[in-house]
Amino acid sequence: MTDTTQPGHAPAGTSRWIDLSRDSLQLIAEGVTETAGFGVAAISVARDDGYLHVTAVAGNEDARRTLKGHRTAIDELMDEVAKGDDWGLLTFVPHERMQLEDGQWGWVPDIVPLDEPDAWHPLDLLVALLYDTEGVLRGTLTIDLPEDGRRPSPAQRRLLNRYAAQTGRAVLTILEREELADQVRLAEAARLVVRRASVQRSLPRILEVAQPALVEGFRAAGMWIQTVDEDGLGHGKVHANNGSEIELPAEIVRIAERAARAAWHAQAPQIVTRGRSFAHGVTEAEGEQIFAFLDSIEIGSLLFVPIGVGDECLGNLVLTRAPKATVWSETEASAALDIGRDLGSAILNARAFEREHRLVEQLQELDTYKSQLIATVSHELKNPLTSILGHLEILESVELERPVRTSLSAMERGARRLGRVVDDLLLLSKVGDPGNPLLARAVDMRSIVDDVVDMVAVSAARGGLKVEVAPPEQPLHALGDAVELDRVVSNLVSNAVKYTPEGGSIRITLARQGDEVVLTCADDGLGISADDQQRLFREFFRSTNPEAVARPGTGLGLAIVRRIVERHGGRIEVESELGRGSCFRVFLPAA
Ligand code: ADP
């Protein structure tokens, strides 16, 4: 008997009911042997593998031992029954019409028939075929070894028919309950797979989290997943239960890949076991190769499930069972197809994520390259510039013609401007360099603001600007690098001075908000259009406003500010309107 009679892993309540139903089959079989005067009664259940599996046997000890685990092919039985006599639910096939060979019926009583015309022969067959309301064969009741050694009388037949009807009902109940238990178990597995797999970001992780639910829910010995390449060509990868890659023979991989596409197209999983034909374009010779491979890894049957999304097949899931285990049921196959769909979506998600991840890495590489380029170029410019400015200074003490002096001072202005760009570039690459970590300590922001206001006082006065500072009562400490934070404040304040026309005013405030120190620098100057605000903090960005561009600048000041603020774990916000003024707000972690 196969493990159909083993206690299942179904939810506790259902498996108890199945056990009770099996007990009732045993009672019916015993009723036949005890009250109908027969030595042996066996009840078999029809399974999806095309065999009748003996589920209950009563009577003769030898028969019980031999019949345990016996399977009979439904086709073969039907061929024999076709030659029998119709006794109601029962069919009687006298041995002389039987073609089956010794041993094919599982057990043949060791008796010598009576020398009478109605004597029972050890090879006679008395069987009730048990159909459901849809006319599908669901089981059989086989009766053997009459105590009186004779073929049953009409009265005995009536009694046996009653037992047969009872058996039919019991078999149907047991099958319905088993199906229900299967559905509950598989639905649970599917729920777990979806919940766990859909949030994973890589295929190995999907396998790792889905595998326990799949193996347990489907009572599989093991599983693997084969994926088709992203472009749908060539061979994908094969992953075993634990997420590691496994080696399948190349030929098997090729067959599986083709079959998966066909199976996905047909939306039909395939149960693979000896004696069952292949679909999805797998030839007989290929089937043999598959079985040889399964034998080599001691696998008796497998459930081959296509994985996909929409029209696209993404691979296949294979669930395996040991040679002696039950073959897959149709309920399991259809639940597995749903899982193939869920895994398909999860794989697609994971691929999108992997692609995104690769793209981010490429962008980061590009960014690093750009920073290195800027750093190298500005270093290379720095030395010749210093030398040019040095020589210009020497020439200042030399007596020269007026036109030459004019040219020299133009050259000096140009060189100084170039020097500012180079300095800004060097600072930008320094504060953006991951190899240059921030050494943070408590920095008094009030004194930084005071210094900066002193520094811009002259140019502000020259532009007729009012600079107001609203300092806090107490010193306010931010956590960071004093030189870098000084740069943040001076860039913001000098921008405010630069981009505010005569008569305007600038207001700087400092405050503590929770864990943060907030610096605001507001002006009623030119303002910045909404469009420009989008690109304000990019390197080399200069306004599209002609009035602003007319003032000298490198377009690096705010890029430097943003990098410094971000590497301090802070953030910067801007609020501005063209023609009305701007307000920059910097949030820094408080010390
Ligand atoms: P730069 O001032 O050297 O051009 P920044 O990076 O400091 O470079 O500023 C970028 C641009 O943002 C400036 O060109 C200017 O158009 C605009 N901007 C910055 N601060 C202000 C401000 N306070 N008011 C108006 N526009 C500003």
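Reply: Start with the nonpolar surface patch. Tyr369, Leu373, Val377 and Leu381 make this patch, with about 380 Å² of surface. Patches are made of residues with over 30% relative accessible area and no salt bridge; like charges are joined within 9 Å, nonpolar side chains (Val, Leu, Ile, Met, Phe, Trp, Tyr) within 5 Å. A salt bridge is a side-chain nitrogen of Lys or Arg within 4 Å of a carboxyl oxygen of Asp or Glu. Accessible areas come from the Shrake-Rupley method with a 1.4 Å probe, and for residues only the protein chains shown count as cover.

The model is predicted: local features need pLDDT of at least 70, side-chain atom pairs count only at pLDDT 80 or more, and totals for chains, interfaces and linings use all residues. Residues are numbered from 1 along each chain as its sequence is written, and side-chain values use heavy atoms, leaving out hydrogens and water.

Val377 lies in helix α8 (residues 330-396). Helices (H or I, at least four residues) and strands (E, at least two) are DSSP runs, numbered from the N terminus. Val377 has a relative accessible area of 42%, so it is partly exposed. Buried means under 20%, exposed over 50%, partly exposed in between (1.4 Å probe, protein chains only).

Next comes Val309, in strand β11 (residues 301-309). Val309 is also partly exposed, because its relative accessible area is 26%. Setting aside neighbours within four places in sequence, Val309 is in contact (heavy atoms within 4.5 Å) with Trp264, Leu314, Gly344, Ser345 and Leu348.

Last, Arg563 sits in helix α14 (residues 557-567). Arg563 counts as buried because its relative accessibility is 14%.
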